[in-house]
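Hi,

Here is the structure I promised to pass on. Have a look at it first, then read my notes below.

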Amino acid sequence: AELENSVESLIQERKSKVSFLITEDPSRSSGRGRREALSPDRFDLYASLAQKSGGEIIFTNNHNIREVSSIIQDSTNSGVITVFHVQKKEPGLRKWIKYHFHLDSLLERVKIHIHGDIDDFEIIDPRGRRQGRSTTEGPLGVIQNIGHFSKMSLVSPVHVGHWKVEILTQGLHTVHVQGKSTLDFLHYFAVSMNGSHPGLLQLNSQPVTGTGSDTMLVIMATGLAPASPARLDQVTLTRPNGEELASLALQDTNQTGLYVAKLGKVPSGAFSILVRGRDGENRLLLRSSAQVNTAVQSTLEIISSTPLIPGSQHSALFRLSNYGMPAVFILKLSCEEACTVNSSHSRAHVGKNETVVGEISLLVPQDTKPGSTVMLTVQADSAHTAQTTFAFLQLLVTEIPKHVRMSPTTCSVISLEHNCSGLSSQCGYELWTVAARVWDRVGMRAMEVASGTGTVSYSSDGKTERAVYTADCCSPETDLIFTNRLGVTSLCRLGVAVPSPDTSSVGELPLPRWTLPTVLLIMFWEVLKT
């Protein structure tokens with residue numbers, strides 16, 4: 001249970017499908033000693049992960065596990081797509097429940113999995129013909145019953161149209177429909193970019209709840225040839241229970257199979273993506289994403305551009321952004337191999353629409369084999385809400401060339417000017433400007449603002465970089481990330497100490513400008529030794 005959020009985040013990042021085979025009767029209420037009480041919701045964790053990934057949770061026994069696992073293995077074959085998937089826990093008395101799904105002309109080898117606490121079921125095709133669980137060979141296909149698990153293989157060719165499944169159930173049950181098809185899709189979220197290279201910037205994180213109005217949903221269809229008469233024209237966001245949240249028109253791009261839809265603000269909670277279109281005979285096409293998307297209120301990113309050398313300290317940065325209410329986050333770091341990992345932060349207070357940047361140091365043993373990989377994980381848990389954010393980064397272990405020797409990057413302040421009074425009602429009208437000189441032995445390649453609401457300009461003079469940052473006094477700190485020509489990143493933290501207003505004075509009188517303002521300056525670097 002402690003790893004549930006981590007696994008869920010990894011599922012969404014890798015678009016993975018997770019299924020569970022459990023050799024235990026879920027209705028059993030006592031343990032081996034008969035006095036041990038078993039929780040009725042002991043399988044809810046597995047059911048939740050399977051449902052969010054588009055996988056299945058299947059209860060079987062040791063006798064049938066090989067047969068059932070071979071059937072599930074078919075779901076991972078190339079070209080197999082999920083047509084319909086529902087996993088539900090039905091409370092109360094046993095009753096008949098009806099589900100609908102659509103089969104289109106681009107599907108073949110369709111199979112229906114029905115399992116869980118189910119007494120009986122019937123499949124109804126678009127013509128109204130029925131076939132029940134006990135009819136193993138009938139007009140619609142062949143049914144294989146293995147304990148509480150049933151698989152129906154539909155006859156070919158598939159009858160195009162709306163199908164129905166009626167099940168008699170009480171408790172947890174699953175209906176899963178899959179088939180072979182060349183048409184499928186991937187999706188990601190993006191935002192518009194202007195400037196010298198306009199376009200769409202793919203968001204590396206999960207979608208963020210309620211941010212902005214310029215979020216785009218990008219659909220990448222696979223299996224659509226340039227001359228194909230099939231087309232996609234609509235995308236729908238739905239809750240796991242089928243509730244429709246939004247229906248958006250898909251816009252063509254100059255690339256075959258690539259579509260965009262203007263999403264605007266991302267809805268909160270969990271939702272699935274359903275894509276609609278038409279085939280060459282103007283018949284309906286439907287495709288659904290296997291995984292459930294979960295919108296978050298914070299994002300976490302790991303930044304690393306240097307090689308991971310056995311026995312040498314490796315530096316990386318993390319960037320934690322919060323778009324919800326101000327929160328205190330507890331930070332946890334781990335790596336899957338034998339390594340030591342530390343952070344400059346164990347906890348961080350992040351206000352609404354604010355970003356915190358910190359340093360990560362990682363050390364792998366001297367005998368770590370070059371060419372191997374190390375998975376670095378950073379977890380941020382909100383101390384006041386159930387919000388958890390993860391970031392993963394796979395690092396390649398390499399050998400450093402013996403002729404390369406690196407010196408620490410230095411950052412020093414040249415000048416600081418400000419008229420910050422310390423009055424919250426005036427800070428938006430007051431400015432502070434800091435100029436900093438950054439020096440690196442091999443020269444600087446790039447610079448970016450990691451946090452802060454101001455603007456920056458910089459110029460390069462050989463191995464020296466001069467950056468000038470300006471912001472209003474409501475945002476008195478900034479983090480600048482510099483990257484040298486070898487890809488080593490360094491964090492330069494700059495800020496101005498804003499004076500506190502004299503609370504004993506009458507009215508809001510502006511304080512005189514400080515003659516010796518305080519500069520907050522922290523520089524992180526990595527020294528790689530030969």
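**The second pocket**

Strand β3 gives the most to the lining of the second largest pocket, with 12 residues. Before going on, some housekeeping: this is a predicted model, where local features need pLDDT of at least 70 and side-chain atom pairs count only at pLDDT 80 or more, while totals for chains, interfaces and linings use all residues. Residues are numbered from 1 along each chain as its sequence is written, and side-chain values use heavy atoms, with hydrogens and water left out.

Now back to that pocket (on a 1 Å grid over the protein atoms alone, an open set of points with protein on both sides within 12 Å along at least five of seven lines; lining residues have an atom within 4 Å of a point). Its volume, the space filled by probe spheres set on the points, is about 870 Å³. The lining has 30 residues, and Phe84, His85, Thr238, Pro240 and Gly242 lie nearest the centre. Two or more lining residues come from each of β3 (80-103), β16 (270-278) and β17 (284-288). These labels are DSSP runs numbered from the N terminus: helices are H or I with at least four residues, strands are E with at least two. By class, the lining has 10 nonpolar, 14 polar and 6 charged residues; Asp, Glu, Lys and Arg count as charged, and Gly is among the polar ones.

**A four-stranded sheet**

Next, find the open sheet of 4 strands, in the order β19-β20-β24-β22 with antiparallel pairing. Two strands pair if DSSP finds at least two bridges between them. At the edges, β19 (298-303) and β22 (340-343) each pair on one side only. From one strand to the next, the twist averages 20°. Inside the sheet, β20 (314-322) and β24 (354-363) are joined by 9 bridges, and Phe318 of the one stands opposite Gly358 of the other.

**A buried strand**

Why is β32 (477-484) described as largely enclosed by the rest of the structure? Because 7 of its 8 residues are buried, meaning under 20% relative accessible area with a 1.4 Å probe, protein chains only. β32 pairs in the antiparallel sense with β29 (444-451) over 6 bridges, and Met444 stands opposite Asn484. With β33 (489-495), β32 makes 7 antiparallel bridges; there, Asp479 stands opposite Arg493.

Last, look at α2 (44-53), where Ala47, Ser48, Leu49, Ala50 and Ser53 are buried. Just after α2, Gly54 takes a positive phi of about 80°.

Cheers

Definitions and conventions
Buried < 20%, exposed > 50% of the residue type's maximum accessible area, 1.4 Å probe, protein only. 1 Å grid on protein atoms, 1.4 Å probe; cavity = no way out; pocket = protein on both sides within 12 Å on 5 of 7 lines; lining within 4 Å. Axes fitted to C-alpha atoms, helices over the stretch in contact; angles between N-to-C directions.
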